[in-house]
Amino acid sequence: MTVQSQRRGGGYLERPAPSGLADVIEIILDKGIVIDAYVRVSLVGIELLTIDARIVIASVDTYLRFAEATNRLDLYEKGGKDLGEFMGDLQEGGAAKKTSGAVKGVKRAITGGGSDEDDDESRRPAKKAPARRRRTEDA
Amino acid sequence: MTSAAMAAADESGTGEHPAETGYYVYGVVRAGAGRVPADLVGVGGAQVRTVEHGAIAAVVAEVVLDRPPGRRQDLVAHSEVLDGLTATGVVVPVQFGSVLPSSESVVVDLLAPSADYFAALLDELEGRAQYNLRATYHESVVLAEVVEENADIAELRERTRAVPEESAYAERVRLGELVAQAMDDKRAWDAEALLEAVLPWVAGHALRTGGGLDHVLDVALLVDDDRRSDFEEALEALAESVHQRIRLRLVGPMAPYDFVGDS
């Protein structure tokens, strides 16, 4: 947020500078040290603002939107060659083993490789071995 | 004050006695001259300064309490002060909208009771910054997976597509519910796999709440400054490897908003 690093590599990673109000709200709202309510004084408008930002959408509306998005989908036209192959990969587990099929799909997508082996090493896209892992949590 | 007394104060108040002010608190830093950039202004345009207590200091600015709500400008001002402080050193952010009545209160109620806590937190966060990583699905690709993988969803989809919208309301809700469940399962697997790939590069992480049909993962990552370029390269490689199904969006570096817990 303070200093934007230069775009590097293939450019698949999006590196936006937070600019809009929504970005800023998302970053700072409810985050940070909380000062006890009995010592703080209130600032006009702040409470309203934090409530405004927490509007939640009703779940039935969400479901209808899911249904609509699913129905809008044109599997045959949108699929094309790439998606068709991808779907073929994912289907290999069959309906009975759909979770393991999905996991394999994920792992393959993340490793970027086309191979099927379950070699643990292949899961890591990182070039170097992890030197330090979650230091604050270990400490 | 009674409501009658408040009404009386309001009536006599305009322009006659000075407006009541408080101290807006932005964050806690290490004490020391020059810690706060000279040109830093906060909510309402007030000059930002420090209130020190031993080795730590609160970054504050005076603010008029009874003022028209600034909303957008207030949020942006808060965020810009934290950015300015992050650019020049380590800072523990305080929650947006925190105001104390006086500089004495800043010391007595905030700094003194938690001095050791703040000192330890500043040590832990020194040389590190936060990034926010958001992963979202390419909606059509993942919905296609869901339909292909679930016979009941595919069947329900065919049925609800074939009839007018208003005649299959219950079935459409049911379809949406099944799709939402299937997406939740996918999300759990994908989020775990992404986290597993990212965690070796970070010093800490905190899951953030996210929502929406395309949501996969929202996580705040604490990254050591000297591993920043390795981390960014790893994320770029990860983004490339998942890009057919998932978009990765990385924002930062920024103040460690998600790594300061509750005092």
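**Figure 1. Strands β6 (residues 128-137) and β8 (residues 215-224) of chain B pair in the antiparallel sense over 9 bridges.** This is a predicted model: local features need pLDDT of at least 70, side-chain atom pairs count only at pLDDT 80 or more, and totals for chains, interfaces and linings use all residues. Residues are numbered from 1 along each chain as its sequence is written, while chains are lettered from A and ligands numbered from 1 in the order in which they are written. Strands (E, at least two residues) and helices (H or I, at least four) are DSSP runs, numbered from the N terminus. Two strands pair if DSSP finds at least two bridges between them. Look for Ala135(B): its bridge partner in β8(B) is Leu217(B). Arg134(B) has Asp218(B) as its bridge partner in β8(B).

**Figure 2. The open sheet of chain B has 4 strands, in the order β7-β8-β6-β9.** The pairing is antiparallel. β7 (204-207) and β9 (246-254) of chain B stand at the edges. Each has a single partner strand, so one side of each is left without a neighbour in the sheet. From one strand to the next, the twist averages 20°. The axes behind that angle are lines fitted to C-alpha atoms, for helices over the stretch in contact, and angles run from 0 to 180 degrees between N-to-C directions. β7(B) meets β8(B) in the antiparallel sense over 4 bridges. Ala206(B) has its bridge partner in β8(B), namely Ala220(B). In β8(B), 7 of the 10 residues are buried, so this strand is largely enclosed by the rest of the structure. A residue is buried if 20 or more other C-beta atoms lie within 10 Å of its own, exposed if 12 or fewer, and partly exposed in between; C-beta atoms are placed from the backbone.

**Figure 3. Helix α4 (residues 115-125) of chain B has buried residues and exposed ones.** Phe118(B), Leu121(B), Glu124(B) and Leu125(B) are buried. Seen down the axis of α4(B), they fall within an arc of 125°, so they line one face of the helix. The arc is that of the directions from the helix axis to the C-beta atoms. An α-helix has 3.6 residues a turn, so residues three or four places apart point the same way. The face turned away from the buried side of α4(B) carries the exposed residues Asp116(B), Ala120(B) and Asp123(B). Asp116(B) is exposed because 9 other C-beta atoms lie within 10 Å. Asp116(B) and Ala55(B) are 61 residues apart in sequence, but 9.7 Å apart in space, C-alpha to C-alpha. Gly127(B) follows α4(B), with a positive phi near 75°.

**Figure 4. Chain B is divided into domain 1 (3-126) and domain 2 (129-259).** These bounds come from an automatic or database domain assignment. The C-alpha centres of the two domains of chain B lie 37 Å apart. Their contact takes 6 residues from domain 1 and 6 residues from domain 2. Two residues are in contact if their C-beta atoms, placed from the backbone, lie within 7 Å. On the domain 1 side, helix α2 (residues 72-87) of chain B gives the most, with 3 residues.

**Figure 5. Val34(A) lies in the loop between α1 (21-28) and α2 (46-52) of chain A.** Val34(A) counts as partly exposed, with 15 C-beta neighbours inside 10 Å. Val34(A) and Pro16(A) are 18 residues apart in sequence and 28 Å apart in space, C-alpha to C-alpha. Chain A has 6 helices and 0 strands. Buried residues make up 23% of its 139 residues.
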